[in-house]
2 protein chains.
Amino acid sequence: MPRATAATEKKVTDLLKRQTLSVTESRKRILQLFLEQPGALSHGDIEKRAGGMFDRVTIYRTLQTFVDRGLIHTIPSADNAIRYALCKDECGDGHHRHEHIHFVCTECEQTFCLDEVVTPVIRLPKGYSTDQIEILVQGKCKQCTVAERR
Amino acid sequence: MPRATAATEKKVTDLLKRQTLSVTESRKRILQLFLEQPGALSHGDIEKRAGGMFDRVTIYRTLQTFVDRGLIHTIPSADNAIRYALCKDECGDGHHRHEHIHFVCTECEQTFCLDEVVTPVIRLPKGYSTDQIEILVQGKCKQCTVAERR
DNA sequence: AGATTTTTGCAACTATGTTGCTATTTCGGT
DNA sequence: ACCGAAATAGCAACATAGTTGCAAAAATCT
């Protein structure tokens, strides 16, 4: 877990300022963790990777703040461990607009956003209305498929 | 929460025997809870509805057993509360085959299986393979929509 | 730099989920 | 209907996850 370079330091600071959030150590560090790697992170993942640098409560609150401001979004799961991933720029204060699906790899156990796969329209029976659609695909990811062929 | 009639008593007993599970009070009661109402139930829901009749651990283990035997299936959620719903007959020992989507109502907060809505095929990028697809739609359900019009 | 506002860390608490062990219940055979 | 073997339930203890109130510390504004 590399320390922040000047460049990433500036990047996370900018992201926070853009959301009019005060720039604090924990926010910078947690945001950096998301930028450092492609997958989604659970609260527990962050706690481990931050290495006891912050209080658990701070991490909970920071994640909640990021979700509220549209910096990250939640990904449901079947194992009682909500994961969080960075949002693209379209998400703003309290509004999340996600058209992509989420992929859970059974090999590396990572969860990714597949931005290039758009959620299809789901036709519901009469009387039902749709607010939001979440698509969770489980399988083997690209990296793990390649790794296995070797 | 009505006590089991002779008819439902027989029904749950038959369901359990069909899976070669021993017929115990807790299994009968928990299965009955699922049959009594249309929505999905979380562990907590069952604990409440069973009214302290069984130990928490028993409920956890019973749910796990039911999932293993294909009597019920899990539904992921974004609020760290896995829900369980009855399976149709196609699910057997260790194999779950679900083609339906799940609907979460924002009004009544219930989760249902929409058996009539089939999960679409999702085309993934090269290198990814699919084991399972879970579709979670959030919105307002039929009952709540009707209730509001009155 | 100082006042104000926001955020953090701590403590305490609730809820959720797991494991090992023993007592009880269920089931198959008679 | 009863008995022994096997499965299940309950208990205790523990582990993990998430919440709230409050005082100390840090960030922001001017």
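B:D14 is partly exposed in this predicted model, with a relative accessible area of 32%. Its salt-bridge partner is B:K10, and the closest N and O atoms of the two are 2.8 Å apart. B:K10 is exposed, at a relative accessible area of 52%. Both residues belong to helix α1 of chain B, where a spacing of four residues, about one turn of the helix, separates them.

A second salt bridge in chain B joins B:E9 to B:K28, with 2.8 Å between the closest N and O atoms. This pair connects distant parts of the chain: B:E9 lies in helix α1 (residues 6-18) and B:K28 in helix α2 (residues 25-36), 19 residues apart. B:E9 counts as partly exposed because its relative accessibility is 30%, whereas B:K28, with a relative accessible area of 15%, is buried.

B:E36 and B:R29 also meet through their side chains in a salt bridge, at 3.8 Å from N to O. B:E36 is partly exposed, with a relative accessible area of 34%. B:R29 is buried, since its relative accessibility of 13% falls under 20%.

| B:D14 | B:K10 | 2.8 Å |

In chain A, a network of salt bridges links A:E9, A:E25 and A:K28. Over all chains, a search of the whole structure finds twelve salt bridges. In general, side chains of opposite charge can pair when their charged atoms come close.

Conventions. Residues numbered from 1 in each chain as written. Chains lettered and ligands numbered in written order. Predicted model: local features only at pLDDT ≥ 70, side-chain atom pairs only at ≥ 80, totals over all residues. Heavy atoms only, no water. Salt bridge = Lys/Arg side-chain N within 4 Å of Asp/Glu carboxyl O. Helix = DSSP H or I, 4+ residues; strand = E, 2+ residues; numbered from the N terminus. Buried < 20%, exposed > 50% of the residue type's maximum accessible area, 1.4 Å probe, protein only.
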